Amino acid sequence: APVPLFSPRTDSDPCDSPASLDSHSKTREKEKETAHAKRSAKEAGGGEGMMPLTEVLRESFADLMDALLLLYHLALTSNFKAASLQLQGQMQTITQLDDTDRRMKHYKVKTMDLVRHLKNA
């Protein structure tokens, strides 16, 4: 039976928070240490104990995914913060424009009433 390179995730996405990213990184570090210890033990035993290619590929893939996850967090966090601030500024501007428009309409009605009153007087 073919060996999958990775198993489906059952826990929450490590992209959820920096704390879970730290937890994920610590878990990966422990896995790397364990794999390194196994590799060292096999290498010390001679040539017959070499790691299978699928195991090497699985470790390489896991390391690549860890690096991509870190880069994702570093690059996108600042972009999301900037976009959030920009959106917040736009929402405030829209609110201010709506308020100004409402005031202008209110004063226009008052001015028209005043003009009408002065004409009648």
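A search of the whole structure, which is a predicted model, finds five salt bridges, a salt bridge being a side-chain nitrogen of Lys or Arg within 4 Å of a carboxyl oxygen of Asp or Glu. Residues are numbered from 1 along each chain as its sequence is written, and side-chain values use heavy atoms, without hydrogens or water.

First, select Arg-102 and Asp-99. The closest N and O atoms of this salt bridge are 2.5 Å apart. Both residues lie in helix H2, three residues apart, about one turn of the helix; helices (H or I, at least four residues) are DSSP runs, numbered from the N terminus.

Next, select Lys-105 and Asp-101. Their side chains meet in a salt bridge at 3.5 Å, N to O, and the two residues are four apart in helix H2. Lys-105 is exposed, because its relative accessible area is 54%, whereas Asp-101 is partly exposed at 38%. Here buried means under 20% relative accessible area, exposed over 50%, and partly exposed in between (1.4 Å probe, protein chains only).

Then select Arg-116 and Asp-113, also in helix H2 and three residues apart. Their salt bridge spans 3.2 Å, N to O.

Finally, select Leu-64, in helix H2 (residues 53–120). Leu-64 counts as partly exposed because its relative accessibility is 47%.

Notes
Predicted model: local features only at pLDDT ≥ 70, side-chain atom pairs only at ≥ 80, totals over all residues.
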